[in-house]
Amino acid sequence: MSNRRTAYILRNTNETKIQLSLSLDGGPLELLPKTAEFENSDPDGTGDDRDPPANQDTKTHASQISNLQHIWIWTGIGFLDHMLHAWAKHAGWSLRLRCKGDLAIDDHHTTEDTFLALGTAFTTALGPRTGLARFGHAYAPLDEALSRAVLDISSRPFFVGDFGFQGPMMGTLNTQMIHHGLGSWAQNAGVTLHVDVLKGENDHHRAESAFKALAVACKGACERVVGREGEIVSTKGVL
């Protein structure tokens with residue numbers, strides 16, 4: 001596929017090391033390059049809960065490789081991986097992402113920095129904000145749960161979310177971090193985002209329906225509109 005919108009991000013702090021490759025248009029992605037930060041990841045190949053497997057061909061709980069999409073994700077937080085996998089899959093993205101974070105403290109820095117890095121990758125891959133649908137919205141159910149997501153590629157970062165989670169944790173992910181993470185993504189992605197879980201009894205279902213709605217909204221907003229090439233979709237004349 002030609003003229004794919006892609007980005008590669010390496011984000012290193014004292015708290016996390018993150019490496020990711022993103023294609024907003026799917027398709028194959030090369031393996032993440034070897035770096036000093038990940039050179040000694042999981043040297044015995046066992047794939048524990050903290051470090052990503054050294055071999056990126058290793059099938060994980062959040063990997064799915066086809067001719068249309070390459071998805072391979074490892075943050076050390078299983079439920080976060082699951083949500084990112086759903087997001088990438090239903091947005092039509094290809095995403096390779098690995099993170100080594102200070103999980104001995106808690107999940108905060110790993111989750112926050114992963115969303116920040118993904119937001120940077122999103123806006124980098126998107127490039128000039130011209131010729132786009134700009135707005136996207138979607139509803140997505142998962143059994144009894146139903147969520148709505150509305151996205152504006154506005155260059156005006158803002159996030160409003162209402163999830164109504166009943167419990168404090170999903171696996172090893174604090175439920176507060178879903179709200180904080182999506183707010184961090186919207187900030188670095190330069191988008192206005194509203195996500196509301198409208199109903200649902202199970203927290204897993206509520207979260208997953210929210211990410212699936214977000215994915216479909218992203219796909220719609222990023223669509224390149226034939227005949228609008230080069231056009232800035234704004235009355236201001238700038239985004």
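This is a predicted model: local features need pLDDT of at least 70, side-chain atom pairs count only at pLDDT 80 or more; totals for chains, interfaces and linings use all residues.
Along strand β6 (residues 135-142), the side chains alternate between two faces. Strand β6 pairs in the antiparallel sense with strand β7 (residues 145-152), over eight bridges.

Strands of a sheet pair through backbone hydrogen bonds, in either a parallel or an antiparallel arrangement. An open sheet of five strands is arranged in the order β1-β2-β5-β4-β3, and its pairing is mixed. The edge strands are β1 (6-12) and β3 (63-65), each of which pairs on one side only. From one strand to the next, the twist averages 10°. Strand β3 pairs with strand β4 (residues 70-74) in the antiparallel sense over three bridges, and the bridge partner of Ser-63 in β4 is Trp-72.

Two helices pack on this sheet. Helix α1 (residues 78-91) touches β3, β4 and β5 (94-101), and its direction makes about 160° with that of β4. Helix α2 (residues 108-126) packs on the sheet through β1, β2 (16-23) and β5; the direction of α2 makes about 35° with that of β2.

His-70 is placed in strand β4. With a relative accessible area of 13%, His-70 falls under the 20% limit and is therefore classed as buried. Leaving aside neighbours within four places in sequence, His-70 is in contact with Gly-27, Pro-28, Leu-29, Gln-64, Ile-65, Ser-94, Leu-95 and Arg-96. As for Leu-29, the side chain of His-70 reaches the backbone nitrogen of this residue at 3.1 Å.

Charged pairs were then considered. Side chains of opposite charge can pair when their charged atoms come close. The count of salt bridges comes to seven. In one of them, Asp-25 is joined to Arg-5, with the closest N and O atoms 2.7 Å apart. This pair links distant parts of the chain, 20 residues apart: Asp-25 belongs to the loop between β2 and β3, and Arg-5 to the segment before β1. Both Asp-25 and Arg-5 are buried.

Asp-25 also forms a salt bridge with Arg-224, for which the closest N and O atoms are 3.4 Å apart. Because Arg-224 lies in the segment after α4 (203-221) and Asp-25 in the loop between β2 and β3, the pair ties together parts that are 199 residues apart in sequence. The relative accessibility of Asp-25 is 16%, so this residue counts as buried, while Arg-224 is partly exposed, with a relative accessible area of 37%.

A further salt bridge is formed by Glu-231 with Arg-228, the closest N and O atoms being 3.9 Å apart. Glu-231 is partly exposed at a relative accessible area of 37%, and Arg-228 is partly exposed at 31%. Through salt bridges that share partners, Arg-5, Asp-25 and Arg-224 are joined into one network.

Conventions. Residues are numbered from 1 along each chain as its sequence is written. Side-chain values use heavy atoms; hydrogens and water are left out. Two strands pair if DSSP finds at least two bridges between them. Helices (H or I, at least four residues) and strands (E, at least two) are DSSP runs, numbered from the N terminus. Axes are lines fitted to C-alpha atoms, for helices over the stretch in contact, and angles run from 0 to 180 degrees between N-to-C directions. Contact means heavy atoms within 4.5 Å. Buried means under 20% relative accessible area, exposed over 50%, partly exposed in between (1.4 Å probe, protein chains only). A polar contact is a pair of N or O atoms within 3.5 Å; within protein, one must be able to donate a hydrogen and the other to accept it, and residues adjacent in sequence count only if both atoms are side-chain atoms. A salt bridge is a side-chain nitrogen of Lys or Arg within 4 Å of a carboxyl oxygen of Asp or Glu.
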